[in-house]
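Please look through the sequence and the model below before reading on.

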Amino acid sequence: MRFPSLTLALGVLLAFAAGPGMAADVEAGKTAFKKCALCHTTGPSLFGIVGRKSATLDGFNYSEAMKKFDHTWDEGTLDEYLGDPRATVPGTKMIFPGIKDKAERDDVIAYLETLK
């Protein structure tokens, strides 16, 4: 019978077609973001972070490491940075150890994309 293998193949293709960002949950990201809000209410604002060049927000004293990072905060850059900030930008002021869970990072990034 060919239907079970066809169904399995179709499910795998749909999972790949959906892409990593499609499964992100904005509300879960908003909840997970609470651990970021401890510092980011007094540190650099994350409003409009997606698409903004790193270390460019007026009024915040960025570390030299972040000034030299010279990236635009897109999904890929945020995913890498949020996974391990100190490995991505050695010398960053950010003391947060990162979000190890990929799904949780995707949710936080989806939430950050709504901050416009």
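## Contacts and overall fold

Among contacts in the protein chain (heavy atoms within 4.5 Å) between residues at least 6 apart in sequence, 45% join residues at least 24 apart. The model is a predicted one, in which local features need pLDDT of at least 70 and side-chain atom pairs count only at pLDDT 80 or more, while totals for chains, interfaces and linings use all residues. Residues are numbered from 1 along each chain as its sequence is written, and side-chain values use heavy atoms, with hydrogens and water left out.

The protein chain has seven helices and zero strands, where helices (H or I, at least four residues) and strands (E, at least two) are DSSP runs numbered from the N terminus. Read from the N terminus on, the elements therefore follow the order α-α-α-α-α-α-α. Of the 116 residues of the protein chain, 31% count as buried; buried means under 20% relative accessible area, exposed means over 50%, and partly exposed lies in between, with a 1.4 Å probe and protein chains only.

Side chains of opposite charge can pair when their charged atoms come close. The structure holds six salt bridges, a salt bridge being a side-chain nitrogen of Lys or Arg within 4 Å of a carboxyl oxygen of Asp or Glu. Which residues are linked in a network of salt bridges? They are Asp79, Lys102, Arg105 and Asp106.

Asp79 lies in helix 5, which covers residues 75–83, and counts as buried because its relative accessibility is 18%. The side chains of Arg105 and Asp79 meet in a salt bridge of 2.7 Å, N to O. This pair links distant parts of the chain, with Arg105 in helix 7 (residues 102–112) and Asp79 in helix 5, 26 residues apart; both Arg105 and Asp79 are buried. Between the side chains of Asp79 and Lys102 there is a polar contact of 3.2 Å, a term for a pair of N or O atoms within 3.5 Å, where within protein one must be able to donate a hydrogen and the other to accept it, and where residues adjacent in sequence count only if both atoms are side-chain atoms. Leaving aside its neighbours within four places in sequence, Asp79 is in contact with Lys102, Arg105, Asp106 and Ile109. Lys102 also forms a salt bridge with Asp106, their closest N and O atoms being 2.9 Å apart, and because the two are four residues apart in helix 7, about one helical turn separates Lys102 and Asp106. Lys102 is partly exposed at 36%, whereas Asp106, at 15% relative accessibility, counts as buried.

## The nonpolar core

In soluble globular proteins, nonpolar side chains tend to be buried together. The largest nonpolar core here has 20 residues, and those with the most contacts inside it are Phe33, Met66, Trp73, Leu78, Tyr81, Val108 and Leu112; such a core is a set of buried Ala, Val, Leu, Ile, Met, Phe, Trp, Tyr and Cys residues joined through side-chain atoms within 4.5 Å. Helix 4, helix 5 and helix 7 each supply at least two residues of this core, and helix 7 gives the most, with four residues. Leaving aside its neighbours within four places in sequence, Leu78 is in contact with Val50, Trp73, Ile109 and Leu112.

## Aromatic rings

Rings of Phe, Tyr and Trp (its six-membered ring) pair if their centres lie within 6.5 Å; planes under 30 degrees apart count as stacked, over 60 as edge-to-face and the rest as tilted. By this rule the count comes to four aromatic pairs. Phe60 and Tyr62 form an edge-to-face pair, at 4.8 Å centre to centre with 70° between the planes. Phe60 is partly exposed at 30% relative accessible area, while Tyr62 is buried at 11%. Elsewhere, Phe69, Trp73 and Tyr81 form one aromatic cluster.

## Asp70 and the loops

Lys53 forms a salt bridge with Asp70, with the closest N and O atoms 2.5 Å apart. The pair links distant parts of the chain, 17 residues apart, with Lys53 in the loop between helix 3 (34–40) and helix 4 (64–69) and Asp70 in the loop between helix 4 and helix 5.

Most residues other than glycine have a negative phi, and most peptide bonds are trans. Phi of Asp70, however, is positive, near 50°, and Ala55 has a positive phi of about 60° although it is not a glycine. Ala55 is found in the loop between helix 3 and helix 4.
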